[in-house]
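Let's take a quick tour of a few spots in this structure. Have the sequence and the 3D view ready.

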Amino acid sequence: MLHPVGPLPAAVYWRRRLLVLALLLAVLGGGGWLVVAALTGSDGGTATSAAAATTDAADPSDEPPALEQVVPSLASVPTPTPAPGPAAEPEPAPASPTPGGPCGDDAIGLEVRAPGSAPVGGKPTFELVVTNTSSVPCVRVLDAGLQEVLLLDAAGNRVWGSNDCFPETSSDTRTLAPGESVVFPLTWGGLTSEPSCAAERTTPAPGQYVLRGRLDTKTSADTAITLG
């Protein structure tokens with residue numbers, strides 16, 4: 001191998017060997033380059049595809065719109081303002097009577113004055129008080145037959161009435177000045193009664209009671225009294 005044998009000079013055979021070796025190296029080098037190029041091209045394509053996919057995924061134009069873009073914020077939705085309702089009309093003040101005319105129920109005050117307590121079977125004195133609460137003089141009928149004081153128990157049951165057994169009659173029409181009061185005293189006998197005094201009269205049981213006055217169609221507030 002190292003000493004070529006043949007009719008030609010040895011240099012010729014060495015040149016031929018070098019040429020074949022060069023061709024072999026060229027072929028091997030070219031094949032290696034093709035393999036590297038193929039591998040590099042495959043990786044580049046994959047990277048390109050991945051980059052494209054990443055770009056497509058990152059493209060905001062392909063993303064679904066945010067919720068606040070689809071459903072508007074409640075703060076941005078105008079709230080309808082309800083139309084104002086009609087203003088409540090103030091209650092009309094009681095009409096004042098004509099000076100010198102009748103005192104209506106709205107023009108007078110009525111109350112029952114009594115001691116806070118009384119013994120069972122005692123004979124306390126009550127007062128029915130009528131007052132002109134208007135700003136002008138007016139006329140009111142104060143007949144005794146129109147006056148009454150009732151005693152009611154805690155359940156609201158009628159116990160006694162001032163006109164049950166001893167009704168009185170009188171003709172009493174007065175002109176009351178503004179703020180003027182008229183007092184009608186009466187004494188209770190301490191016994192129960194019913195209209196027309198038909199039932200047996202007894203002493204009421206100890207306890208809490210109220211007195212209620214009346215002048216014709218005008219009724220007073222209740223006044224508390226304790227019997228004991």
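Buried means under 20% relative accessible area, exposed means over 50%, and partly exposed is in between (1.4 Å probe, protein chains only). This is a predicted model, where local features need pLDDT of at least 70, side-chain atom pairs count only at pLDDT 80 or more, and totals for chains, interfaces and linings use all residues. Residues are numbered from 1 along each chain as its sequence is written, and side-chain values use heavy atoms, with hydrogens and water left out.

**Out in the open**
- Ser-135 is exposed, at 57% relative accessible area.
- You'll find Ser-135 in the loop between strand S3 (125–132) and strand S4 (138–141); strands here are DSSP runs (E, at least two residues), numbered from the N terminus.
- Contact means heavy atoms within 4.5 Å. Setting aside neighbours within four places in sequence, Ser-135 is in contact with Ser-96 and Pro-178.
- Pro-97 is 38 residues from Ser-135 along the chain, yet their C-alpha atoms are separated by 8.5 Å.

**Tucked away**
- Glu-148 sits in strand S5 (residues 147–153) and counts as buried, with 14% relative accessibility.
- Not counting residues up to four places away in sequence, Glu-148 touches several residues, including Leu-128, Arg-158 and Arg-212.

**Positive phi**
- Most residues other than glycine have a negative phi.
- Cys-197 has a positive phi, near 55°. Its loop runs between strand S8 (181–187) and strand S9 (207–215), and Cys-197 is partly exposed at 29%.
- Asp-216 also has a positive phi, near 60°. Asp-216 is in the loop between S9 and strand S10 (218–219), and is partly exposed at 38%.

Definitions and conventions:
Helices (H or I, at least four residues) and strands (E, at least two) are DSSP runs, numbered from the N terminus.
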